[in-house]
Amino acid sequence: MQIHLSEILSKEGKAVEKKIELERTSFQFHGEEFPIVEKSPVELVITNTGNQELLIKVKVSLSVAIPCGRCLKDVITEFCLDFSREADMKLSEEEREEQLDENNYIAGYQLDVDALIADEVVLQWPMKVLCKEDCQGICSVCGQDLNLKQCGCDRTVLDPRMAAFLDIFEQFKEV
Ligand SMILES: [Zn+2]
Ligand SMILES: [Zn+2]
């Protein structure tokens, strides 16, 4: 969704309120794609604060399916975004790009609302997503979901440090 900013910029103190639908259906994070399963309309307020500067306020709630870090089951993760950004329209596009790092959501006089929201979602992305605090994960040998049942696989041998420890233990037994 693109919003044209030239009209807002034409008058100091002018504010525009908009309710729009987010167009994107997924977010990218660290090269992976995560589907949006639920979204509210985006509430947007853009104010011309004078001196060719804009204040952009955004409110939106989103639910994104992110796999559990241990068992890979999808966890519906909610993002309740309520944030604002300032944009100095006196700057050239290159200067603004430097300010905003790599993610430029304003090109010329067009505000890319989807890009702006994606930018904020990345900032708020959770460090760790778990389906539950004590998720047992999946067996690294047979793939069994250990929350459902134990499979009885011997997983210790897969950890080289543990394997070395067991070797020493075996040696002791032989002596
Ligand atoms: Zn899990
Ligand atoms: Zn197993």
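Of the 175 residues of the protein, 35% count as buried, where buried means under 20% relative accessible area, exposed means over 50%, and partly exposed lies in between (1.4 Å probe, protein chains only). The model is predicted, so local features need pLDDT of at least 70 and side-chain atom pairs count only at pLDDT 80 or more, while totals for chains, interfaces and linings use all residues. Residues are numbered from 1 along each chain as its sequence is written, chains are lettered from A and ligands numbered from 1 in the order in which they are written, and side-chain values use heavy atoms, with hydrogens and water left out.

**View 1. Overall arrangement of the secondary structure.** The protein has four helices and nine strands; helices (H or I, at least four residues) and strands (E, at least two) are DSSP runs, numbered from the N terminus. From the N terminus on, the order of the elements is β-α-β-β-β-β-β-β-α-β-β-α-α. Among the contacts with a separation of 6 or more, 55% join residues 24 or more positions apart, a contact being heavy atoms within 4.5 Å.

View 2. For comparison, the ideal angle for four tetrahedral donors is 109.5 degrees. Cysteine 68 is buried at 0% relative accessibility, whereas cysteine 131 is partly exposed at 31%.

View 3. Cysteine 139 and cysteine 151 both lie in the loop between α3 and α4, so the pair ties together parts that are 12 residues apart in sequence. Cysteine 139 is buried, with a relative accessible area of 3%, while cysteine 151 is partly exposed at 28%.

**View 4. The largest nonpolar core.** This core has 42 residues, of which Phe27, Leu62, Leu111 and Ile117 touch the most other members. A nonpolar core is a set of buried Ala, Val, Leu, Ile, Met, Phe, Trp, Tyr and Cys residues joined through side-chain atoms within 4.5 Å. Elements giving two or more residues to the core include β3 (26–29), β4 (32–39), β7 and α3, and β6 gives the most, with seven residues. Residues up to four places away in sequence aside, phenylalanine 27 touches residues including Leu62, Val64, Ile117, Val121 and Trp125.

**View 5. The hairpin of β6 and β7.** These two strands pair in the antiparallel sense over 15 bridges; two strands pair if DSSP finds at least two bridges between them. Six residues separate the strands of the hairpin, and leucine 72 in the turn has a positive phi of about 70 degrees. Serine 61 stands opposite cysteine 80 in β7. Serine 63 lies in β6 and is buried, with a relative accessible area of 9%. Serine 84, in β7, is partly exposed at 42%. The C-alpha atoms of serine 84 and lysine 57 are separated by 4.2 Å, although the residues are 27 apart along the chain.

**View 6. The open three-stranded sheet.** The strand order is β1-β9-β8, with antiparallel pairing. β1 (2–4) and β8 (106–107) are the edge strands, each pairing on one side only. β8 and β9 (residues 110–112) pair over two bridges, and glutamine 110 in β9 is the bridge partner of alanine 107. Helix α3 packs on the sheet, touching β1 and β9, and its direction makes about 45 degrees with that of β9; axes are lines fitted to C-alpha atoms, for helices over the stretch in contact, and angles run from 0 to 180 degrees between N-to-C directions.
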